[in-house]
Amino acid sequence: MNDIVPALPAAPSLGDFVRGLSLPVRAVRVVVTTPRLLGLSLLSALVTAGLLAGLVVALWPRAFTWADALIGAGGWRTVVATAVGFVFFSLATFLSALTLPNLVLAPLQDPLSEATEARCGDFVSPPFSLRAVARGTVESLGHTVLRLATQLLGLMVLLPLNLVPGVGSLAWGVFGSLWSMFWLSVEHLSNPMARHLYPFSQVVAALRRRLTLALGFGAALYVLLWVPVLNFFLMPIAVVAGTLLFRALRSAGALGPPPPRR
């Protein structure tokens with residue numbers, strides 16, 4: 001097996017969390033040594049920087065306006081509204097940062113993933129076919145809609161924890177972060193699997209079976225999301241790392257062959 005692709009044991013193990021954490025580091029090495037990936041990553045970083053700056057400027061005043069409209073102003077209401085405003089801002093920024101750059105940069109994700117597989121070896125891009133492109137696009141959009149709906153539903157179910165005095169916000173932060181880490185892993189494994197026409201259920205099932213690996217990968221991406229400057233490169237690093245994970249799962253026998261293309 002090409003040494004670019006991480007070696008995974010056939011069965012889950014205690015070391016899976018560290019293997020997941022190391023995937024973005026391995027992805028960076030692949031990016032900086034592959035000219036095509038490096039160029040696409042720099043373009044992605046420039047676009048992401050502008051989007052994240054615009055999000056903060058747009059959401060900061062609106063979050064507190066929403067809180068004031070919901071709770072009101074004056075006395076204790078002002079204090080509560082300010083706290084709720086911070087929650088609204090954090091949640092809106094987090095969800096927007098997870099989704100908006102990926103939506104805007106969606107046309108670059110398949111080229112990044114294909115270039116990564118080409119670097120891994122034993123891969124030839126399929127010949128262009130309008131029908132295949134349409135089918136792949138529909139499959140990818142379906143994955144995205146299902147992932148976003150499930151992720152948002154989970155966060156909304158956890159949101160009432162903030163109403164528990166004392167530890168409520170801390171509990172929401174911990175469980176919400178773990179939930180988001182898992183779905184970050186799903187999102188970026190979904191990219192190469194959707195390209196190969198695997199159903200979304202198979203993406204989720206593969207990561208549920210390797211939950212520690214998924215949380216390690218998601219934790220690394222989650223940290224990158226909040227580190228200034230590094231988060232500009234989140235999308236290309238995550239796509240490359242997700243493609244490496246896909247190839248590793250295939251090599252370990254954790255994924256069957258993709259459905260045949262028609």
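Buried means under 20% relative accessible area, exposed means over 50%, and partly exposed is in between (1.4 Å probe, protein chains only). With that in hand, let's look at the salt bridges here.

This is a predicted model, in which local features need pLDDT of at least 70, side-chain atom pairs count only at pLDDT 80 or more, and totals for chains, interfaces and linings use all residues. Residues are numbered from 1 along each chain as its sequence is written, and side-chain values use heavy atoms, with hydrogens and water left out.

Side chains of opposite charge can pair when their charged atoms come close. A salt bridge is a side-chain nitrogen of Lys or Arg within 4 Å of a carboxyl oxygen of Asp or Glu. The structure has 4 salt bridges, including these:

| Pair | N to O distance |
|---|---|
| Asp16 and Arg19 | 3.0 Å |
| Asp16 and Arg210 | 3.1 Å |
| Glu117 and Arg247 | 3.2 Å |

Start with Asp16, which is buried at a relative accessible area of 1%. Helices are DSSP runs (H or I, at least four residues), numbered from the N terminus.

Asp16 also meets Arg210 in a salt bridge. Arg210 is in the loop between helix H7 (200–209) and helix H8 (211–226), so this pair ties together parts 194 residues apart in sequence. Put together, Asp16, Arg19 and Arg210 form a network of salt bridges.

Then there's Glu117 with Arg247. This pair links distant parts of the chain, helix H4 (residues 106–120) and helix H9 (residues 234–251), 130 residues apart. Both Glu117 and Arg247 are buried.

Technical notes
Helices (H or I, at least four residues) and strands (E, at least two) are DSSP runs, numbered from the N terminus.
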